[in-house]
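Dear colleague,

Please find below the sequence and structure that I am handing over to you. I would be grateful if you would read the notes after it with the structure open.

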Amino acid sequence: MSDTSRRPRKPAKPHRRPQKDPVRILAFEALRAVDERDAYANLVLPTLLRKAREKGDFDGRDAALATELVYGTLRRQGTYDAILAACVDRPLREVDPPVLDVLSLGVHQLLGTRIPSHAAVSATVELARVVLGDGRAKFVNAVLRKVARDDLDGWLEKVAPPYDEDPEDHLSVVHSHPRWVVSALWDSLGGGRADIEDLLRADNERPEVTLVARPGRATAEELLREEAAVPGRWSPYAVRLTEGGEPGAVDAVREGRAGVQDEGSQLVALALAGAPLDGPDEKWLDGCAGPGGKAALLAALAAERGAVLLASEKQPHRAGLVAGALAGNPGPYQVITADGTRPPWRPGSFDRVLVDVPCTGLGALRRRPEARWRRRPEDLDGFAPLQRGLLRTALESVRVGGVVGYATCSPHLAETRAVVADVLKQFPEAALIDARPLLPGVPALGDGPDVQLWPHLHGTDAMYLALVRRTG
């Protein structure tokens with residue numbers, strides 16, 4: 001009998017270290033921060049990118065790819081979850097969150113970018129080896145190979161219910177919005193299938209960076225000298241940076257003479273400032289001023305007329321942001337920390353008052369895509385008393401003949417028209433005025449007298465504005 005124990009063994013394959021890909025590792029870290037800490041990508045990602053640049057790991061193309069991976073994955077999360085659920089042999093809730101984040105990054109590369117399928121799979125498996133280990137990397141590989149068998153349209157035919165059977169669920173899966181958000185947006189928007197699909201598509205598009213030239217400190221003409229800068233659509237102070245322009249590279253932004261501000265927010269401030277008054281126009285109030293974008297524009301507009309802005313913010317750290325935004329304003333202003341529902345000022349003290357109230361933020365899903373997955377219908381009940389209280393106090397704070405602007409970055413009817421209607425029932429000495437003429441040139445503003453802006457119609461966040469005059 002031969003002694004097989006003496007036979008030479010085959011040499012073992014050398015263990016290959018996983019290749020570290022700084023771009024995908026950074027994208028994974030950003031998604032983990034959003035998932036674990038309830039962070040917002042628009043706050044986390046710039047910090048991670050800056051650190052990567054400082055270490056010399058990143059150039060402009062790397063930063064652009066990391067940004068696309070993070071935002072694209074977050075925007076399409078609902079669609080990708082439906083596809084992954086069809087490719088994983090257990091409920092997704094039983095998949096470890098870090099594994100699910102890696103899988104989602106891989107699916108976005110396969111179905112949402114032009115990265116070749118083989119490269120998308122291999123790069124994601126390498127990422128899994130680095131951040132999850134070899135064992136779970138095999139699971140990632142197996143799942144992504146299933147996903148790679150079809151394109152996005154093919155998968156949607158398989159995982160989305162037919163529109164005719166369940167319109168809202170179909171739109172939810174195809175356009176990656178929770179069903180309740182689809183329903184709420186559709187109610188507010190009105191119209192048919194084409195209208196809601198245009199809106200949902202717009203929510204999934206990357207918004208341009210919009211700057212505001214603060215009057216008396218900068219001009220739109222100055223900002224238009226920047227590379228890839230084009231005029232705003234509606235605001236005379238707006239300039240859009242195309243091709244992913246970096247606002248931090250603009251001198252006027254670094255110096256505080258200009259800021260980053262969606263054009264919808266600019267229009268809200270301009271409409272309030274332009275509303276006709278009976279009597280003096282000397283004292284303005286921003287009753288929910290944080291983080292300071294509208295306050296900075298209002299303060300500059302007030303200074304041009306010799307008026308003074310009081311900017312009030314309840315949260316001390318946000319009041320600090322307001323103070324930073326207003327620093328250098330050409331005229332007098334004041335920033336205080338105060339609760340807008342229990343104000344320290346006397347009733348009837350102001351000629352113009354803005355309350356841009358806390359809300360669900362459903363109007364800014366282009367910029368904060370993770371908010372659509374974080375918000376719940378019951379959040380509306382939490383905001384409702386505060387929104388009504390702030391509007392009621394604003395009406396008490398303005399003098400007879402003065403104007404209040406009630407604004408939200410949500411188009412949900414429970415946060416817009418329902419709030420205004422309820423408060424006006426309790427405050428008969430006030431009446432809505434038509435806001436539409438105060439947004440000259442802006443189309444599709446509806447029947448009035450209030451205004452709802454939309455991403456797909458106006459290229460802005462879905463800002464709402466009602467202007468109310470105190471009559472007695």
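Predicted model: local features only at pLDDT ≥ 70, side-chain atom pairs only at ≥ 80, totals over all residues.

Residues are numbered from 1 along each chain as its sequence is written, and side-chain values use heavy atoms, with hydrogens and water left out.

The unreviewed UniProt entry annotates Cys 409 as "active site"; such annotations, given in the numbering used here and with shortened feature names, may be inferred rather than shown by experiment. Cys 409 lies in the loop between β9 (398–408) and α19 (417–426); helices (H or I, at least four residues) and strands (E, at least two) are DSSP runs, numbered from the N terminus. At 15% relative accessible area, Cys 409 is buried (under 20%; exposed is over 50%, partly exposed in between; 1.4 Å probe, protein chains only). Beyond its neighbours within four places in sequence, its contacts (heavy atoms within 4.5 Å) include Asp 356, Cys 359 and Asp 461.

The whole structure has 0 disulfides (pairs of cysteine sulfur atoms within 2.5 Å). The cysteine sulfur closest to that of Cys 359 is in Cys 409, at 5.8 Å, too far for a bond. Cys 359 is also buried, at 13%.

In helix α10 (179–189), 8 of the 11 residues are buried, among them Trp 180 and Trp 186. Their cover includes α9 (167–175) and α18 (379–397). Just after α10, Gly 190 has a positive phi of about 70 degrees.

With kind regards
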